[in-house]
Amino acid sequence: MNMTPTELPGLLEALRGFAAGTLDRDAYLRACAARADECEPWLKAFVTRVPAADLKAATQGPLAGIPVGVKDIIATAGLRTTNGSAMFADHVPMEDAAVVSAIKRLGGTVFGKTVTTEFAFRHPGATVNPWNSAHTPGGSSSGSAAAVAAGIVPLALGTQTMGSVVRPAAYCGVVGFKASFGAVPREGVHPLSGSLDHVGFMARCVDDVAYALATLGDPGYTLADGTDLAAFRLDPQHGLDPLPAPALALVCAPGWDKVDAEQKALLERVAATLRRSGASVEEVVLPEIGAPTLEPLQRILGFEALDIYGDLVARYPDRASARLQGLVDTSRDIARADYVGARRTQRELRSALSTRLSGYDAILTVPASGEAPAGLDDTGDASWCAPWTFLGFPALTVPAGRSARGLPLGVQLVGTFGRDIATLRVAKWVETVLGQKTA
């Protein structure tokens with residue numbers, strides 16, 4: 001198959017090419033490496049790359065021939081894992097994280113380690129937005145979003161504690177999917193907050209992230225209908241069956257006053273388009289999606305992060321950013337009783353909202369306030385993703401348009417706890433109706 005660096009196939013496209021004999025696995029890896037060589041001098045999506053000469057494609061397995069970008073807080077045996085921190089600048093793990101072990105076992109190839117903010121918190125790395133290098137790519141999964149958007153890899157791993165998969169994916173114009181809490185193994189992923197951390201996937205279309213869940217999700221994870229995730233199989237030749245004419249809850253909170261006019265107008269256009277195509281789109285007010293979720297989330301994050309990072313910051317104050325030091329300092333006043341109460345609120349709201357939204361197939365909302373902000377000193381506001389992370393609900397962004405400055409804009413689709421496959425099927429239908437797989 002003849003291709004230029006900007007025409008590299010996505011995940012399922014590549015697998016179909018391998019199966020048909022029109023695409024050679026090793027040639028595909030070399031083309032991805034060439035694309036990285038072209039982009040990396042300015043994009044800076046990777047902390048560490050596997051040398052092109054060492055990229056060897058497996059011939060067997062559901063991910064054989066697929067290069068994967070791995071966020072640099074996810075352990076890779078023998079490959080430097082810095083956690084985005086000077087404290088771990090030369091750290092080389094002895095073992096793979098569970099999700100990396102699965103990638104290798106299933107024939108995938110670790111392409112390199114993608115840039116993360118420091119310990120997946122707020123201090124940004126060097127990556128720029130691939131559509132405009134003066135704008136942030138978002139965070140904390142900055143490098144993963146940028147690498148997929150630039151066409152370097154068809155799949156990259158990210159993590160989300162507040163908005164760190166969905167928001168950068170929206171800013172960079174790719175699909176970013178965070179499954180229900182616990183659906184993807186987290187062993188070997190450096191924690192920020194164990195009660196909030198999720199592993200997620202970034203790719204170019206909904207089928208590709210669905211395939212990632214089918215292959216890399218925890219097979220013992222029980223879905224909302226009582227079946228195990230192991231029962232979810234996706235034929236790469238066919239892809240995911242869309243869920244036609246879904247019932248959608250249009251949610252305009254939290255912080256609707258901070259959403260810019262372009263993003264609001266895009267959401268309205270998408271809602272109108274989906275209605276014309278047969279969906280039921282009903283505006284739903286959820287008072288809990290605001291302070292009732294964001295305040296306990298901050299308590300959980302602070303209390304658990306202090307336990308993880310308090311001693312590290314004390315030992316290496318010169319290697320910790322002001323943002324990390326600030327997180328540690330402000331978290332010292334969180335009482336255990338308040339933390340326990342926040343965890344209880346998390347469980348109660350997860351159950352209550354899952355029940356209240358049971359008549360809808362998914363929530364339709366915004367993934368961010370608008371386009372990626374200018375500047376590289378901040379990765380953007382996670383307020384429009386954080387409530388769903390707090391609840392552990394599956395969530396993903398689908399590219400849906402461009403701002404006046406040509407930067408990507410997306411919409412966010414959210415399912416209730418354990419309804420990951422149904423949420424992906426809704427997203428596939430939405431993506432099909434909108435008529436675009438990438439921004």
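Helices (H or I, at least four residues) and strands (E, at least two) are taken here as DSSP runs and numbered from the N terminus. The model is a predicted one, in which local features need pLDDT of at least 70 and side-chain atom pairs count only at pLDDT 80 or more, while totals for chains, interfaces and linings use all residues. Residues are numbered from 1 along each chain as its sequence is written, and side-chain values use heavy atoms, with hydrogens and water left out.

**Annotated span**

An unreviewed UniProt entry lists residues 29-423 under "domain: Amidase"; UniProt positions are given in the numbering used here, feature names are shortened, and such annotations may be inferred rather than shown by experiment. In the model this span, residues 29-423, is 33% helix and 15% strand, and its end C-alpha atoms lie 31 Å apart.

**Helix packing**

For the helix pairs below, axes are lines fitted to C-alpha atoms over the stretch in contact, and angles run from 0 to 180 degrees between N-to-C directions.

| Helix pair | Axis separation | Angle |
|---|---|---|
| α6 (residues 206-216) and α12 (residues 420-434) | within 9 Å | roughly 165° |
| α7 (residues 261-276) and α12 | 10 Å | about 95° |
| α8 (residues 291-315) and α10 (residues 336-356) | 9 Å | about 130° |

Angles under 35 degrees count as roughly parallel, over 145 as roughly antiparallel, 65 to 115 as roughly perpendicular and the rest as oblique. On this scale α6 and α12 are roughly antiparallel to each other, and their crossing is left-handed, a term used if the near helix is turned anticlockwise from the far one by less than a right angle, with right-handed used if it is turned clockwise. The contact, meaning heavy atoms within 4.5 Å, involves Val-206, Asp-207, Val-209, Ala-210 and Leu-213 on the α6 side and Asp-420, Leu-424, Ala-427, Lys-428 and Glu-431 on the α12 side. By class, six of these residues are nonpolar, none polar and four charged, where Ala, Val, Leu, Ile, Met, Phe, Trp, Tyr, Cys and Pro count as nonpolar, Asp, Glu, Lys and Arg as charged, and the others, Gly among them, as polar.

**Buried positions**

Buried means under 20% relative accessible area, exposed over 50%, and partly exposed in between, computed with a 1.4 Å probe on protein chains only. Helix α4 (residues 142-149) is mostly covered, with seven of its eight residues buried, including Ser-142, Gly-143 and Val-148. After α4 comes Gly-151, whose phi is positive, near 80°.

Val-153 lies in the loop between α4 and β4 (155-160) and is buried at 0% relative accessibility. Not counting residues up to four places away in sequence, Val-153 touches Phe-46, Pro-67, Gly-69, Phe-111, Ala-147, Val-148 and Arg-204. The C-alpha atoms of Val-153 and Ile-66 are separated by 8.2 Å, although these residues are 87 residues apart along the chain.

Ser-331, placed in helix α9 (residues 322-331), is likewise buried, with a relative accessible area of 3%. With residues up to four places away in sequence again left out, Ser-331 touches Gly-302 and Leu-306.
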